[in-house]
Amino acid sequence: MTDILSTSPTKDLLTKLSGLDNGAGNPRVKQIVQRVVSDMFETIEDFDVTPAEFWAAMSYLTELGQRGEYGLVAAGLGVEHFLDLRFDEKERQAGLAGGTPRTIEGPLYLADAPLSQAEARLDDGSEQGEVLFMEGQVRDTDGCPVPGAIVDVWHANTLGGYSFFDPNQKPWNLRRRIEADGEGRYRFRSILPAGYGCPPDGPTQKLLDQLGRHGQRPAHVHFFVSAPGYRQLTTQINIAGDKFLHDDFAFATRDELIPAIRRQEGAADPKAAGLNAPYSEITFDFTLNREVADLPGTVVVREHAKAA
């Protein structure tokens with residue numbers, strides 16, 4: 001192993017390539033680029049990475065972009081979960097406690113879903129699946145309701161597919177925004193989702209195969225919960241009993257986000273009128289922390305798919 005990293009040519013190269021030798025540009029970007037490239041140089045040196053291996057990695061990154069899987073690989077390598085852990089620690093240091101745990105957004109959100117008042121039906125009725133009724137209340141950390149909170153909810157169908165990304169589903173299927181009522185309560189009817197796996201021929205799964213890992217997620221339901229003056233919550237609940245519940249390739253499972261499922265055999269409840277099959281119920285309350293100055297915002301600016 002050589003000591004090339006500590007030589008003047010390498011140090012000068014890092015300074016030059018990151019623009020640290022000039023007064024133009026963005027100082028923060030310069031520092032980050034210098035650190036990332038320096039660490040990459042060190043990795044190449046430590047593992048004696050060959051030119052062929054390096055260019056194979058560049059081709060891999062190109063394929064990730066072409067297949068639109070950067071969001072998947074970020075989740076699969078734990079980066080998205082690590083960002084959540086950093087948020088958790090910053091809030092803990094600021095004295096924030098008692099809110100519903102956050103977890104990853106994932107790559108399949110679609111903005112501006114249809115808005116309903118207090119309750120909604122998420123599925124379009126085209127798929128045979130076990131009916132799910134879910135309800136709860138949005139509260140603050142003092143236990144007071146948050147009237148008018150927006151509960152933005154989306155999930156997969158019984159085959160693990162998401163509308164917009166799955167051409168077999170109609171627009172906005174299994175996606176709604178619900179404005180909570182005056183007591184902060186929300187309700188919706190849907191179908192129980194299935195978990196899903198990374199595309200088996202995609203670059204994310206190729207990398208996971210090299211790591212000896214699977215690319216499966218347990219069944220789950222995503223949420224953004226927001227209200228003026230409160231920190232937006234990004235979270236999801238997991239469906240209890242799923243075989244991958246505690247083996248999520250995206251590291252998103254948190255014990256506090258596994259609500260009990262009540263399975264009903266009959267249709268005595270008025271909201272289940274017309275059902276002739278067993279259905280499931282979940283009650284889950286969301287607790288929001290108030291916004292705090294000098295803390296990073298929880299609304300993450302990232303590229304999202306846009307409905308046609």
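Predicted model: local features only at pLDDT ≥ 70, side-chain atom pairs only at ≥ 80, totals over all residues.
Biologist: What is the phi of Leu174?

Modeller: The phi of Leu174 is near 65°, which is a positive value in a residue other than glycine. Asp112, also not a glycine, has a positive phi of about 65°. Asp112 is found in the loop between α5 and β1 (115-117).

Biologist: Is Leu174 buried or exposed, and is Asp112 buried or exposed?

Modeller: The words rest on relative accessible area: buried is under 20%, exposed is over 50%, and partly exposed is in between (1.4 Å probe, protein chains only). Leu174 has 0% relative accessibility, so it counts as buried. Asp112 has a relative accessible area of 59% and is therefore exposed.

Biologist: Which residues of helix α6 are buried?

Modeller: Helix α6 spans residues 203-210, and its buried residues are Pro203, Thr204, Gln205 and Leu208. The cover over these buried residues includes α3 (51-67) and α4 (70-76). Just after α6, Gly212 takes a positive phi of about 70°.

Biologist: How many residues of strand β12 are buried?

Modeller: Strand β12 (residues 279-283) is mostly covered, with four of its five residues buried.

Biologist: How many bridges join β3 to β12?

Modeller: Two strands pair if DSSP finds at least two bridges between them. Here β3 and β12 run parallel and are joined by five bridges. In this pairing, Val131 stands opposite Tyr279 of β12. Strand β11 (residues 262-264) runs antiparallel to β12, and three bridges join them. Tyr279 of β12 is the bridge partner of Gln264.

Biologist: Which residues of the largest nonpolar core touch the most other members?

Modeller: A nonpolar core is a set of buried Ala, Val, Leu, Ile, Met, Phe, Trp, Tyr and Cys residues joined through side-chain atoms within 4.5 Å. The largest one has 31 residues, and Phe188, Phe223 and Phe286 touch the most other members. At least two residues of this core come from each of β3 (131-140), β4 (150-155), β6 (185-191), β9 (220-226), β10 (233-238) and β13 (286-288). A second, separate core has eight residues, among them Ile104, Cys198, Phe249 and Ala250.

Biologist: Which residues does Phe286 touch?

Modeller: Contact means heavy atoms within 4.5 Å. Leaving aside residues up to four places away in sequence, the residues that Phe286 touches include Thr100, Gln137, Arg139, Tyr186, Phe223 and Leu233.

Biologist: What is the volume of the largest cavity?

Modeller: On a 1 Å grid over the protein atoms alone, a cavity is a set of points where a 1.4 Å probe fits but cannot get out; a pocket is an open set with protein on both sides within 12 Å along at least five of seven lines; lining residues have an atom within 4 Å of a point. Points are joined across faces, edges and corners, and a volume is the space filled by probe spheres set on them. The structure holds one cavity of 30 Å³ or more. The largest cavity has a volume of about 40 Å³. Its lining includes Ile104, Tyr196, Arg217, Phe249 and Ala250, and α4 gives the most to this lining, with three residues.

Biologist: Which residues lie closest to the centre of the largest pocket?

Modeller: The largest pocket has a volume of about 620 Å³. It is lined by 29 residues, and those closest to its centre are Phe87, Glu105, Thr234, Thr298 and Val300. Two or more lining residues come from each of α4, α5 (79-93), β4, β9 and β10, and α5 gives the largest share, seven residues.

Biologist: What space lies in the second largest pocket?

Modeller: The second largest pocket holds about 520 Å³ of space. Of its 23 lining residues, Gly68, Leu72, Pro107, Leu108 and Phe165 lie nearest its centre. The elements that give two or more residues to this lining are α4 and β7 (196-197), and the largest share, three residues, comes from α4.

Methods: Residues numbered from 1 in each chain as written. Heavy atoms only, no water.
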